[in-house]
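User: I would like to learn how to read the features of a protein model. Could we go through some of them one at a time?
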Amino acid sequence: MRFITETELRDLYKAEPFTAYTLEPQTKITPEARQFLVDRGVKLVAAPDNKKISIPNGKSESDQERESRNVLRLRRRMESLESLFLMVGANLLSSGDAVLAEEVFALGRCFGEVKQSAWEQRLPVNLQFQNWSEAEIKNCSTYLGKHFDINEFHVRAENGAAIASLNHLRATLRELESSILEAYWHEEGRVCSREDLIEKINLIMNILCVMMWKCLGGQSCKA
């Protein structure tokens, strides 16, 4: 099962606006993605599924195996992402940007806590970054997270290499949303049981946006 996220639709719409979107068989759309289409008057069309068959209530053995594979795949991706934080921090440290490197290491520890909460099947603790509360992070990045796009112009700036590395981290984190949905989606209730993980991942992405903004000379959002 593949999930279409708001981020994916936003990128498609930005590249070329459309008036209808066809949802292919074996795909689902997140509530945020559905609202994105509604806000823009885009019609959602379901493609016919010629292979669709009726199955008895409850999860079959193959469904359970698929869910286990999805959880394992998510775990491997999160482990890979944790190593990416270390690599980006090490590269920044070797290039002489010790302050930014320490910020990346700190953010990597935040991500590590989110990963650990997934494996221990508990709620993640409140995310704190440089004495910022979660509410302050959300308030600061409301605009940046949706509209701050990095391109070749930005990476040609003085801190271009650092900006490119931070943006790569953000882009890789964005891919986790669909993996979390695949691993923890409950079809009967049409809900993801680990929306808390997605929320924390989005907060970390927001912090990366703020860090890139500062690299480009933007003013701090917090006094």
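User: Is T5 buried or exposed?

Analyst: This is a predicted model, so every value here is computed from predicted atoms. Buried means under 20% relative accessible area. T5 has 8% relative accessibility and therefore counts as buried. The residue sits in the loop between β1 (2-4) and α1 (6-15).

User: Which residues is T5 in contact with, leaving aside its neighbours within four places in sequence?

Analyst: They are T30, A33, E177, S178 and L181.

User: Where is P17, and is P17 buried or exposed?

Analyst: P17 belongs to the loop between α1 and β2 (20-23). The cut-off for exposed is over 50%. With 56% relative accessibility, P17 therefore counts as exposed. P17 can also be used to compare sequence with space: P17 and V42 are 25 residues apart in sequence, and their C-alpha atoms are 9.4 Å apart.

User: Which residues form one aromatic cluster?

Analyst: F18 and Y21 belong to a cluster with Y13 and F36.

User: How do I read the packing of two helices, such as α4 and α8?

Analyst: Two packed helices are described by the angle between their axes and the distance between the axes. For α4 and α8, the angle is about 10° and the axes are 12 Å apart. Helix α4 is therefore roughly parallel to α8.

User: Which residues of α4 and α8 meet?

Analyst: From α4 come L100, V104 and F111, and from α8 come A162, L166, L169 and L173. Sorted by class, this contact has seven nonpolar residues, no polar and no charged ones.

User: What is the angle between α8 and α10?

Analyst: Helix α8 (residues 160-174) packs against helix α10 (residues 195-215) at about 165°, and their axes are 10 Å apart. Angles over 145 degrees count as roughly antiparallel, so α8 and α10 are roughly antiparallel to each other. Their crossing is left-handed.

User: Which residues make that contact of α8 and α10?

Analyst: On the α8 side they are I163, L166, N167, L169, R170, L173 and R174. On the α10 side they are I201, I204, M205, L208, C209, M211, M212 and C215. By class, the contact of α8 with α10 has 12 nonpolar residues, one polar and two charged.

User: Is K115 buried or exposed?

Analyst: K115 has 12% relative accessibility, which means that K115 counts as buried. Its place is in helix α4 (residues 98-119). Leaving aside neighbours within four places in sequence, K115 is in contact with M78, E79 and E82.

User: Which residues does W119 touch, not counting residues up to four places away in sequence?

Analyst: W119 touches L74, R75, M78 and Y184. W119 is in helix α4.

User: What is the phi of Q121?

Analyst: Most residues other than glycine have a negative phi, and most peptide bonds are trans. Q121 is not glycine, and its phi is positive, near 55°. Q121 lies in the loop between α4 and α5 (134-141). At 71% relative accessibility, Q121 counts as exposed.

User: How many helices and strands are there in the protein chain?

Analyst: The protein chain has 10 helices and six strands. Of its 223 residues, 41% count as buried. Contacts can be sorted by separation in sequence as well. In the protein chain, 67% of the contacts with a separation of 6 or more are between residues 24 or more positions apart.

Conventions: Residues numbered from 1 in each chain as written. Predicted model: local features only at pLDDT ≥ 70, side-chain atom pairs only at ≥ 80, totals over all residues. Heavy atoms only, no water. Axes fitted to C-alpha atoms, helices over the stretch in contact; angles between N-to-C directions. Helix = DSSP H or I, 4+ residues; strand = E, 2+ residues; numbered from the N terminus. Parallel < 35°, antiparallel > 145°, perpendicular 65-115°, else oblique. Left-handed = near helix turned anticlockwise from the far one by under 90°. Contact = heavy atoms within 4.5 Å. Nonpolar A, V, L, I, M, F, W, Y, C, P; charged D, E, K, R; others polar. Phe/Tyr/Trp six-rings, centres within 6.5 Å; stacked < 30°, edge-to-face > 60°. Buried < 20%, exposed > 50% of the residue type's maximum accessible area, 1.4 Å probe, protein only.
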